[in-house]
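Me: Could you take a close look at the aromatic rings in this structure for me? I would like to know how they pair up and what surrounds them.

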Amino acid sequence: MLAGYASRKELSQGAHDPLFARAVAFEQNQERLVLVAVDNCGFYNATAEPLRRAVLTASGLKPSELFLCATHTHSAPALGLDGQKSHSNNVQYTQGLQGKLVEVVRQALQHLGPIEVGVGSGSSPVGANRREVVTDKEGRPKVILGRNPGRVTDREVQVLKLVRPDAQSIAGVIFAYNTHSTALGGRNNIISGDVHGLAAQFLENYYGPAATATGFAGASGNIDPWYRVLSGFKTNNGWIPEPILLGTLLGEEVVHVSDGIGTVLTNTTIKTAWKTISVPAKSGDEESATGATASINITVATLGDIAFVGWGGEVFNEIGKAVKEKSPFRQTIVLTHCNGAAGYLPTSSSYSEGGYEVQSSHFAPGADEALMRETLSLLKGLKHD
């Protein structure tokens with residue numbers, strides 16, 4: 001069973017392109033940082049902790065040193081380890097994935113070598129705000145899932161270029177971009193990495209077999225691809241399928257940014273931190289003296305003056321943009337679906353508008369302010385350590 005759309009009732013029917021788990025490992029002075037991108041919708045059905053524990057136990061990494069992230073493609077198998085709640089095929093797939101995650105991190109740590117890191121940013125029109133405002137039968141405005149290009153969206157493409165100094169060859173690129181990987185919709189039953197996965201495959205084809213392209217979904221809880229929820233890969237009369245078009249467009253911007261990166265970092269310090277925070281939630285979640293709360297995981301790390309923020313949920317675009325702007329570091333790269341699956345975390349102002357994300361979220365207004373405050377506090381702590 002593929003993940004991401006409740007309307008799906010059938011098993012997958014084949015694969016358009018392969019799914020990958022990619023890992024990039026950094027080490028300096030016994031401090032480590034490992035970034036893992038898995039072509040999957042997310043670590044739902046209580047799978048985040050078992051998968052994380054398996055990797056941490058096998059690698060000896062500290063919890064703060066691992067960013068285990070899903071790219072949020074909605075055309076990958078749903079994860080599940082409970083045979084009572086998940087299809088037996090999916091349980092088998094998840095168990096196999098656990099072993100592969102352990103192995104890919106092991107290999108990344110085993111192949112450490114001198115590296116020069118460059119950072120840059122560009123922009124791409126691939127993602128657009130999806131909270132479209134329409135009028136209902138009574139003439140009242142309501143928010144639906146569609147396309148709202150008039151609303152300001154953070155379209156930044158963040159890129160790290162990794163170069164082997166001995167060979168002056170690109171060992172890989174890391175990129176983050178703010179969009180759901182939902183060019184394909186619920187009527188599609190063919191496996192695909194969708195926008196992020198196809199962009200990564202394009203980059204690895206462009207750079208050659210020695211390079212790894214590791215892509216992440218930024219703060220995109222309210223962002224979809226420009227062409228969204230299509231029924232499949234249309235190819236008649238020379239048509240370029242929209243998922244491939246979008247993935248290639250994103251990949252080409254990564255190349256353009258990478259080509260323009262000049263200044264590099266070497267022998268820089270690595271710092272990491274991890275925290276599970278409680279934030280306001282709708283009634284019915286964990287009740288306490290101060291009201292209902294829900295938890296979300298925050299992971300932060302730095303490579304010199306480059307910061308990484310990992311959030312364990314689907315965080316709205318404006319929240320990620322605000323943290324990047326207020327961060328004390330020169331470049332702050334926000335990754336979502338990271339080390340958890342807490343669901344949608346909207347901006348407080350979105351609740352009066354309604355819409356799918358607000359209705360399905362178990363967070364309440366004020367959760368965004370708490371997440372930003374705690375994240376910036378962790379970043380400031382790393383800055384002054």
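**A close look at the aromatic rings**

Reply: Happy to. A search of the whole structure, which is a predicted model, turns up 4 aromatic pairs. Take F202 and Y206 to begin with: their ring centres are 6.4 Å apart and their planes meet at 15°, so this pair counts as stacked, the cut-off being under 30 degrees. Both residues belong to helix α3 (residues 194-207), where a spacing of 4 residues puts about one helical turn between them. As for solvent, F202 is partly exposed at 23% relative accessible area, and Y206 is partly exposed as well, at 49%.

Another pair, Y344 with Y356, has its ring centres 5.7 Å apart and its planes at 80°, so it is edge-to-face. This pair links distant parts of the chain, 12 residues apart: Y344 sits in strand β17 (residues 344-345), while Y356 sits in helix α6 (residues 356-360). Y344 has a relative accessibility of 9% and therefore counts as buried, since that is under 20%. Y356, in turn, is partly exposed, with a relative accessible area of 42%.

The charged end of R147 sits over the ring of W226, 3.9 Å from the ring centre. Likewise, K234 lies over the face of W239, at 4.1 Å from the centre of that ring.

Conventions
Residues numbered from 1 in each chain as written. Predicted model: local features only at pLDDT ≥ 70, side-chain atom pairs only at ≥ 80, totals over all residues. Heavy atoms only, no water. Phe/Tyr/Trp six-rings, centres within 6.5 Å; stacked < 30°, edge-to-face > 60°. Helix = DSSP H or I, 4+ residues; strand = E, 2+ residues; numbered from the N terminus. Buried < 20%, exposed > 50% of the residue type's maximum accessible area, 1.4 Å probe, protein only. Lys NZ or Arg CZ within 6 Å of the ring centre and 35° of its normal.
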